[in-house]
Amino acid sequence: VNKIVGVASGRAEFGPRALGNRSLLADPRGPEIKDQVNEIKRRQNYRPFAPVILEEHVHDYFDLPRGWHSTEYMQVVGRCRHPDLFPAIVHADGTSRIQTVPADGSGIRQLLEKWYVMTDCPMLLNTSLNIRGEPMVNDRADADRFEKFGIKLRSRRYGKKIIVALPDEKPCRFYGIDRDQWIKEVVDTIQQHTDRPIVLRERA
């Protein structure tokens, strides 16, 4: 079963891109993930999504424009080196709009690190936690409205397609569990292909 996870954690985000605090995340390798996420967001099926990747691995998977070594705010487009392996985050022309995450100790950084250890894949599909024409999920009222579109949200129980952890205004706390437990739950929910991880190069 393809897994998709919704995350609302920490401070709200403002701007044209979701950078990890208000995001729908998924395994970019899933052949049906793009269509599933587009259905959730009420978008056209042909539209791809953006990858969020550990900064130190970006050049293994993408060719950034000359002079660029990172793109933390998803403002750069680069050619994907392995488009057949990551169909959910590649445009028809073979490019992706990339978000890199530095070693800053953030929740999305720790989540990507855990995902990489478990799957040898250093990136996730990342898109904003909203439906077309609706604002991003920011508080519990927004989450309730999100559910009215047929998307079921949950906190710590398993069994739903979407999980959303809403902030309780305490650092590193999500529904009363610490960040390590939250990251483990998100990774466990997304994970699809750990039986056959993709390894594109040997790690040092």
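So, in what order do the seven strands of the open sheet come? The order is β1-β2-β7-β3-β6-β5-β4, with mixed pairing. Two strands count as paired when DSSP finds at least two bridges between them, and helices (H or I, at least four residues) and strands (E, at least two) are DSSP runs numbered from the N terminus. At the edges sit β1 (4–8) and β4 (62–63), each pairing on one side only.

Quick housekeeping. This is a predicted model, where local features need pLDDT of at least 70 and side-chain atom pairs count only at pLDDT 80 or more, while totals for chains, interfaces and linings use all residues. Residues are numbered from 1 along each chain as its sequence is written, and side-chain values use heavy atoms, leaving out hydrogens and water.

Back to the sheet. Strands β2 (residues 22–26) and β7 (residues 123–128) run antiparallel, joined by four bridges; L24 has T127 as its bridge partner in β7. Helix α3 (residues 107–119) packs on the sheet and touches β2, β3 (50–54), β6 (95–101) and β7, where contact means heavy atoms within 4.5 Å. The direction of α3 makes about 85° with that of β3; those axes are lines fitted to C-alpha atoms, for helices over the stretch in contact, with angles from 0 to 180 degrees between N-to-C directions.

Now the charges. How many salt bridges are there? Six, taking a side-chain nitrogen of Lys or Arg within 4 Å of a carboxyl oxygen of Asp or Glu.

One of them pairs R109 with E56 at 2.8 Å, N to O. R109 is in helix α3 and E56 is in the loop between β3 and α2 (58–61), 53 residues apart. R109 is buried at 5% relative accessibility, but E56 is partly exposed at 46%. The cut-offs: buried is under 20% relative accessible area, exposed is over 50%, partly exposed is in between, with a 1.4 Å probe and protein chains only.

Next, D63 and R81, with their closest N and O atoms 2.7 Å apart. D63 lies in strand β4 and R81 in the loop between β5 (76–80) and β6, so this pair ties together parts 18 residues apart in sequence. D63 is partly exposed at 24%, and R81 is partly exposed at 42%. There's also a network: salt bridges with shared partners join E56, R109 and E113.

Last pair: D27 and R29 form a salt bridge at 2.9 Å. D27 is buried at 0%, and R29 is buried at 7%.
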